[in-house]
Amino acid sequence: MKPGVAASYVVDCPTGLAGDMLLASCLDLGVSPEVIHAPLRALGFENSYGLRVEEARNGGLRGLRLDVELREEHPPHRHWGELRQRILTAALSPLLREKVLSVFTALAEAEAAVHGIAAEEVHFHEVGAIDSLVDVVGVCAAIEHLNPISLWCVPPPAGRGGVATAHGLLPVPAPAVLELARRHVVELRWGDDWPEAELTTPTGLALMAVLADGFGWPEQLAPEAIGTGLGHRQLDRPNLLRLIRQHPQAPTASNQPRWQELTVQEAWIDDVSAEALAWLIQQLRDAGALDVACSALQMKKGRPGTAVTALVLPEQAADLRLIWWRDSPTLGLRERRQGRWVLPRRRGVLSTPWGELAAKQMLKPDGTQSVKPERDALQQLAHRAGLSPETLWQKLSQERLPFNPEQEWTC
């Protein structure tokens, strides 16, 4: 598969999340094994593992099953500090390095919290073993290669019962899984209708918590290709994970509105000046926000505050988060997926007796067209004409002015 073909993806995990299943699903979708091996070589692990990938069946359904063959005679217990240094100094792409570090940081902080120690002291028993290293680095590299416009993950089931670990028998959901779900606000499906097994692992959940745009059920599903990764455990149902590549948005008739996916980013702020707030709004707009709005609200201790809301395209959400962290004092940023129906429109100019006026033309579903002037252009033209903008537009609305388009119809 060639990189750079932008598409949306959905991770469907009916029997849970695990690193090996995620990695197998990427390979089944067409990602070359070399995409996985290259960063592991850069990290110095080329002689520590082997990959065995085979087509198999589970519960009567086909998919790829992946095994990491351990080639370390005496596998070390790697500390997070040591592993982080190796990642920082390896010849990885900046984006891949950031994602791998983020996944391991999430794991280290969750493990540290449940064991009551500092993150630097965490021994990666299961996580630091070479098979988990291959899963984390491999999945991060595969997702970078797929270059998703958006990646959505269905809420995973936690399972129930107990799981054997280096710390003994732990309850399911495992403590680290619960801590990851708490920190990243992930809703785990749970109940007595699930098999008695660990269905979602810390590694699998950390990968999706970092790589996915969010957890939820997509409103629409238009499968173009499906990669299936099989689990090793035999359950009372097929044990699999599916990575679904979506069809691009189907073209609509030229006069029909189009559905557009959006990410809504919002923060409530009560400790900045009006000038600082204006700067934040301008920076968000300059960075690509489709729109930014503010509304007054009353926050804790009776303080007046401002709700700042930005509408952004999903593929721009990560870049705009950096603006929020840099130019606002907020400690948290809410995000939710939303959408809107968009009418076809095109930019152009109206020819008026007072000169050209920049405007936008809309095409409605019944085939009729309407024109709306750009407000700043209307104000400038009104100033030259010695009229108010409202008076000028009232005069212009009474005439059939020619509209000269400068672009094709777009949504």
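This is a predicted model: local features need pLDDT of at least 70, side-chain atom pairs count only at pLDDT 80 or more; totals for chains, interfaces and linings use all residues.
**Helix 4**

I began with helix 4, which runs over residues 94-115, and I checked its length: at 1.5 Å a residue its 22 residues should span 32 Å, and because its end C-alpha atoms are 31 Å apart, the two values agree. I then looked up which residues of helix 4 are buried, and I noted L96, R97, V100, L101, V103, F104, A106, L107, A108, A110, E111 and A112. Just after helix 4 I came to G116, which takes a positive phi of about 70°.

**Helix 2 against helix 5**

I reminded myself that two packed helices are described by the angle between their axes and the distance between the axes. For helix 2 (residues 33-42) and helix 5 (residues 130-146) I found an angle of about 120° and axes 8 Å apart. On the side of helix 2 the contact is made by V35, I36, P39 and L40, while helix 5 brings L133, V134, V137, G138, A141, A142 and H145. Sorting this contact by class, I have nine nonpolar residues, two polar ones and no charged ones.

**Helix 1 against helix 5**

I turned next to helix 1 (residues 19-28), whose axis comes within 9 Å of that of helix 5 and crosses it at roughly 35°. This crossing is left-handed. Here G19, D20, L22, L23 and C26 of helix 1 meet V134, D135, G138, V139, A142 and I143 of helix 5. By class, I noted seven nonpolar, two polar and two charged residues in this contact.

Technical notes:
Residues are numbered from 1 along each chain as its sequence is written. Side-chain values use heavy atoms; hydrogens and water are left out. Helices (H or I, at least four residues) and strands (E, at least two) are DSSP runs, numbered from the N terminus. The expected span of a helix is 1.5 Å times one less than its number of residues. Buried means under 20% relative accessible area, exposed over 50%, partly exposed in between (1.4 Å probe, protein chains only). Axes are lines fitted to C-alpha atoms, for helices over the stretch in contact, and angles run from 0 to 180 degrees between N-to-C directions. Contact means heavy atoms within 4.5 Å. Ala, Val, Leu, Ile, Met, Phe, Trp, Tyr, Cys and Pro count as nonpolar, Asp, Glu, Lys and Arg as charged, and the others, Gly among them, as polar. A crossing is left-handed if the near helix is turned anticlockwise from the far one by less than a right angle, and right-handed if clockwise.
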